[in-house]
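This report walks through one protein chain. Follow along in the sequence and the 3D view.

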Amino acid sequence: MNKTCYLIFCFLSAFILSVQAQDSLKTKRRFSEIVQMNGYLKNMQSISFLDLDAIGMDNLIHHRLNIKANLSENLTASVGLRNRIIFGSQVASTPDYGKKLGVDNNLIDMSWTYVNKDAFVAHSTIDRLNLNYVHKNLEVTVGRQRINWGLALAWNPNDLFNTYNYLDFDYEERPGTDAIRVQYYLKDGMSSFDLAASQHAHNQNTVAAKFRFNTMGYDIQILTGKYLDDWASGLGWAGSLGNLGFKGESTYFIPLKKALYTEKTWVATTTLDYSFSNSVYLNAAYLYNSNGIRKPINLDGTSTNLLSNFGNLTAKTLFPSRSAAFVTASYPISPLWNIALAGMYGFGMNLAYIGPTISCSIREDLEGSLIGQTFFMEQNEHMKLLGNALYFRLKWSY
């Protein structure tokens, strides 16, 4: 998809839809009826350490603003702004931290690092900026948006447009992409066609279609299209086995061009979940990647690079190992307190992650959380601690 043609199409679409919206506004409305704003302000302090001989401390101030304008009965405009101030030892010890944080791989660069010092970074990004038009069974969205085709919790090989990292717990909204999306809902109310096209930087794009329907109590989705440098075809389902929730996703990737180190890749996951009568919730999943790592690897002191790669995921590379398991459990010990524990394990390379969480609702608009993250991996035939991190977060929502 040509970048210039894409931009012209976006602007023409926005102009036409805006004119139609103005024509349809026949009655005056209050500002609060047209525009809704919400968001949050978070302060998160983190401590990272391998042992007590060296402790790193960082601070993140995270502000978010969401604006939604109901321009007419059919047309809605949405904007999402993310502002972050980060300072501390991790910033100081990571080369080009501010530069890397400001990278926007979408078609239009809407990311700004306006303070970039050795130990202090201030950064803003717009991760939602779109127009949404709905008419009867048709829905069209143009601009930066989140296209979520995933069904499972931890890993989503069907999520071709917005792959997210489960370990990035502080980004609840998840990333957006510059795209055009057309959805058509069939009259049965349970089936739909979904066609989307997104353009990325470096002349990469994703164009895919999805058909979703319901049969025998299961929501089934079939998808196919071009995903970056591959042709992708996938299948997903969501239903139940008795009292167990049962979901799964599978996508097969075929390289469009033959090149060195390019192979066909099959990624699949299946998950079961169950809620007990005492409100305990369990979720377990298994992931398979035909091109994943199958044996232990020697890091040679590069554990930091391995952990940083967890943030650079694609639908083809959701976890380093060829097969992996995920388990999480949560329990509300009172109306105000909740505890949770999550774990991942990569078979073959023997990579393990443990993440406990304690959260408290201090009041209706204020929440406190304590989150831990620990990584282990086999090194020289012994499990070795790669790193620990503790996060204390206060979140005020408005």
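The chain has 5 helices and 19 strands. Helices (H or I, at least four residues) and strands (E, at least two) are DSSP runs, numbered from the N terminus. This is a predicted model, in which local features need pLDDT of at least 70 and side-chain atom pairs count only at pLDDT 80 or more, while totals for chains, interfaces and linings use all residues. Residues are numbered from 1 along each chain as its sequence is written, and side-chain values use heavy atoms, with hydrogens and water left out.

Of the 398 residues in the chain, 42% are buried. Buried means under 20% relative accessible area, exposed over 50%, and partly exposed in between (1.4 Å probe, protein chains only). Contact means heavy atoms within 4.5 Å. Among contacts in the chain with a separation of 6 or more, 53% join residues 24 or more positions apart.

## Strand pairs

Two strands pair if DSSP finds at least two bridges between them.

| Strands | Bridges | Residues standing opposite |
| β7 and β8 (192–199) | 7 bridges | Arg-181 and Ala-196 |
| β11 (230–241) and β12 (244–255) | 12 bridges | Ser-233 and Tyr-252 |
| β12 and β13 (265–275) | 9 bridges | Glu-249 and Thr-269 |

β7 and β8 have 6 residues between them, and Gly-189 in the turn has a positive phi of about 75°. The hairpin of β11 and β12 has 2 residues between the strands. There, Gly-242 takes a positive phi near 65°.

## Positive phi outside glycine

Lys-136 has a positive phi, near 55°, and is not a glycine. Lys-136 sits in the loop between β5 and β6. Is Lys-136 buried or exposed? Lys-136 counts as exposed because its relative accessible area is 72%.

Met-216 is another non-glycine residue with a positive phi, here near 50°. Its place is in the loop between β9 (205–215) and β10 (218–227). Met-216 is exposed, with a relative accessible area of 79%.

## Two buried residues

Asp-104 belongs to the loop between α4 (97–101) and β4 (111–116). Its relative accessible area is 13%, so Asp-104 is buried.

Val-121 is found in strand β5 (residues 120–135). Val-121 is buried, with a relative accessible area of 1%. Its C-alpha atom is 6.2 Å from that of Phe-87, a residue 34 residues away along the chain. Not counting residues up to four places away in sequence, Val-121 touches several residues, including Arg-84, Val-91, Tyr-97, Leu-101 and Val-115.

## Empty space

Rolling a probe the size of a water molecule over the atoms shows where empty space is left. On a 1 Å grid over the protein atoms alone, a cavity is a set of points where a 1.4 Å probe fits but cannot get out, and a pocket is an open set with protein on both sides within 12 Å along at least five of seven lines; lining residues have an atom within 4 Å of a point. Grid points are joined across faces, edges and corners, and a volume is the space filled by probe spheres set on the points.

How many cavities of 30 Å³ or more does a search of the whole structure find? The search finds 1. The largest cavity holds about 50 Å³ of space. Its lining has 10 residues, and Trp-155, Asn-165, Leu-313, Leu-318 and Met-344 lie nearest its centre. The lining divides into 9 nonpolar, 1 polar and no charged residues. Ala, Val, Leu, Ile, Met, Phe, Trp, Tyr, Cys and Pro count as nonpolar, Asp, Glu, Lys and Arg as charged, and the others, Gly among them, as polar.

The second largest pocket has a volume of about 660 Å³. β15 (323–331), β16 (337–347), β17 (351–363) and β18 (366–379) are the elements that give two or more residues to its lining. This pocket is lined by 30 residues, with Tyr-166, Phe-169, Thr-357, Ile-371 and Arg-393 nearest its centre. The lining residues of the second largest pocket comprise 15 nonpolar, 10 polar and 5 charged.
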